[in-house]
Amino acid sequence: MGTLVLVATPIGNLGDLSPRAAESLQGAALICCEDTRRTGKLLSHFGIRGVRMAIANEHTELARIDEVLELLAAGKIVAVVTDAGTPGISDPGERLVKAAIEHHHVISAIPGPAADVMALVISGLPSARYVFEGFLPRSGPERGERLRAVATETRTIVLYEAPHRVARTLTELHAICGDTRRVVLARELTKLHEEVWRGTLGESLGHVGQRAPLGEYVIVLAGAPASAPASDDEIVLRLVAELAHGASKKSAVAAVADRLDVAKNRVYDIALAMK
Ligand code: SAM
């Protein structure tokens, strides 16, 4: 019976390719990959020879479907790998799986490295229930909508981000989720310079700075507090109390934002509108 196998490959450390993954790649009639040079290097490192590769990246995955279905119909094994990690996780794979299911073929996977799961389990944030957001839309109204959804999500949120956009995304998360929301930055996982930084969104801005940080990052964000968010009336009452105790407007805003776990911008706008 033809089988489509999604094979997880290392996200940095070649020692993470499992023996079963190597066996499966060696036994495939075709390996769909994003980049034949990159996958070719992986294959030759593991002594896997004589298996044909074909490109199925985000632009060509659809065009590759007919060929894959033909091989599956002929009872062959077709493997799917990506440049790193688990296929289908912010990577090609999903459309091949869908087509193979529609044609009643067997689908299987060789599980292994996935940056999202590794970052989550080492983050120290609640992992019983979590949300994988992948990459946020880069711009436009969709980005704002997704950021707002992230801000109110109560489960732990896992985000992918390109190195040169990490600072901007943290700045925007800070503006919408507040200064005190906990965040974990998992960098260069499984590689020589693996680093896990834990702190608040406010602190993360200083940590990352405004320049593009080196290496690949997963952002793991604590969920929003489960209680109902503070209302404007509650913010006004707290501000009045702080000011009555002699606090300056600036420190009253900071104290209220911190205590109610709301964005400083919001409290500041409310303070400005107060008479
Ligand atoms: N399919 C992959 C997986 O299973 O993790 C993810 C591919 S996605 C195109 C690439 C993103 O994954 C990067 O921008 C980064 O956010 C994350 N990533 C991949 N490898 C990583 C690593 N070694 N350390 C930290 N993040 C990594």
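1. Start with Thr86: one of its polar backbone atoms sits 2.8 Å from an oxygen atom of the ligand, a polar contact in the sense of N or O atoms paired within 3.5 Å (within protein, one must be able to donate a hydrogen and the other to accept it, and residues adjacent in sequence count only if both atoms are side-chain atoms). Bear in mind that this is a predicted model, where local features need pLDDT of at least 70, side-chain atom pairs count only at pLDDT 80 or more, and totals for chains, interfaces and linings use all residues. Residues are numbered from 1 along each chain as its sequence is written, and side-chain values use heavy atoms, with hydrogens and water left out.

2. With Glu216, an N or O atom of the side chain is 3.3 Å from a nitrogen of the ligand. On its own the ligand has 570 Å² of accessible area, and the protein covers 91% of that (Shrake-Rupley method, 1.4 Å probe).

3. There are 19 residues around the ligand, counted if a heavy atom lies within 4 Å of it. Thr86, Ile89, Asp91, Tyr160 and Tyr217 come nearest.

4. Now the domains: 3-113 is domain 1, 116-221 domain 2 and 232-273 domain 3, with bounds from an automatic or database assignment. Over C-alpha atoms, the centres of domains 1 and 2 are 29 Å apart.

5. How much area do domain 1 and domain 2 bury between them? About 510 Å², 60% of it on carbon and sulfur atoms; that is accessible area (1.4 Å probe) lost on being put together, summed over both parts. In domain 1, Ile11, Ile89 and Ser90 lose the most to domain 2, together 75% of what that side buries.

How values were computed: Buried area = accessible area lost by both parts, 1.4 Å probe.
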